[in-house]
Amino acid sequence: MKNNLTGDELLKILEALSNPYRLHIIAMLRQEKKYVSQLARELGISRPLLYLHLQRLEDANLVNGYHEISDNGKAMKYYEINPFSIELNEDLIAKAASSLTVRNQLQ
């Protein structure tokens, strides 16, 4: 992940990380890639709900999903973490705020 985030990119990342399930997903994928059914079982949530959370993380470029074919020929959707590091401080926020394009949220 690039170091010079725009305001919109920073907001997307912070919004993606503002949910307990998504924090757990990041923690789980930190260890190893996992397929959707495995993640859903370990989190104790349905696959449709999991997909909503994964989509938010993918939109923020925090995780990446891809298909692999298992030994028995079944297509399986795996997710892995995109390594990232964000030093959240007042300088980053000031730079990000100056580049925000989402003005309607400020009102």
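This is a predicted model: local features need pLDDT of at least 70, side-chain atom pairs count only at pLDDT 80 or more; totals for chains, interfaces and linings use all residues.
Local features require pLDDT of at least 70 and side-chain atom pairs count only at pLDDT 80 or more, while totals for chains, interfaces and linings use all residues. Residues are numbered from 1 along each chain as its sequence is written, and side-chain values use heavy atoms, with hydrogens and water left out.

Helices (H or I, at least four residues) and strands (E, at least two) are DSSP runs numbered from the N terminus, and two strands are taken to pair if DSSP finds at least two bridges between them. On these terms, the model contains an open sheet of 3 strands in the order 1-3-2, with antiparallel pairing. Strand 1 (34–35) and strand 2 (63–69) stand at the edges with a single partner strand each, so one side of each is left without a neighbour in the sheet. Strand 2 pairs with strand 3 (residues 75–81) in the antiparallel sense over 7 bridges; glycine 65 stands opposite tyrosine 79 in strand 3. Helix 2 (residues 20–31) packs on the sheet and touches strand 1, strand 2 and strand 3, contact meaning heavy atoms within 4.5 Å. The direction of helix 2 makes about 95° with that of strand 3, where axes are lines fitted to C-alpha atoms, for helices over the stretch in contact, and angles run from 0 to 180 degrees between N-to-C directions.

In soluble globular proteins, nonpolar side chains tend to be buried together. A nonpolar core is here a set of buried Ala, Val, Leu, Ile, Met, Phe, Trp, Tyr and Cys residues joined through side-chain atoms within 4.5 Å; buried means under 20% relative accessible area, exposed over 50%, and partly exposed in between (1.4 Å probe, protein chains only). The largest nonpolar core has 22 residues, and those with the most contacts inside it are Ile25, Leu50, Leu54, Leu57 and Leu62. Two or more residues come to this core from each of helix 1 (7–16), helix 2, helix 3 (36–43), helix 4 (47–59) and helix 5 (90–98). Leucine 54 touches Ile25, Val36, Leu39, Val63 and Tyr79, not counting residues up to four places away in sequence. In helix 1, the buried residues are Gly7, Leu10, Ile13 and Ala16, and they pack against helix 2, helix 4 and helix 5.

Lysine 34, in strand 1, is buried, with a relative accessible area of 7%. Asparagine 61, in the loop between helix 4 and strand 2, has a positive phi of about 65° although it is not a glycine, and at 43% relative accessibility it counts as partly exposed.
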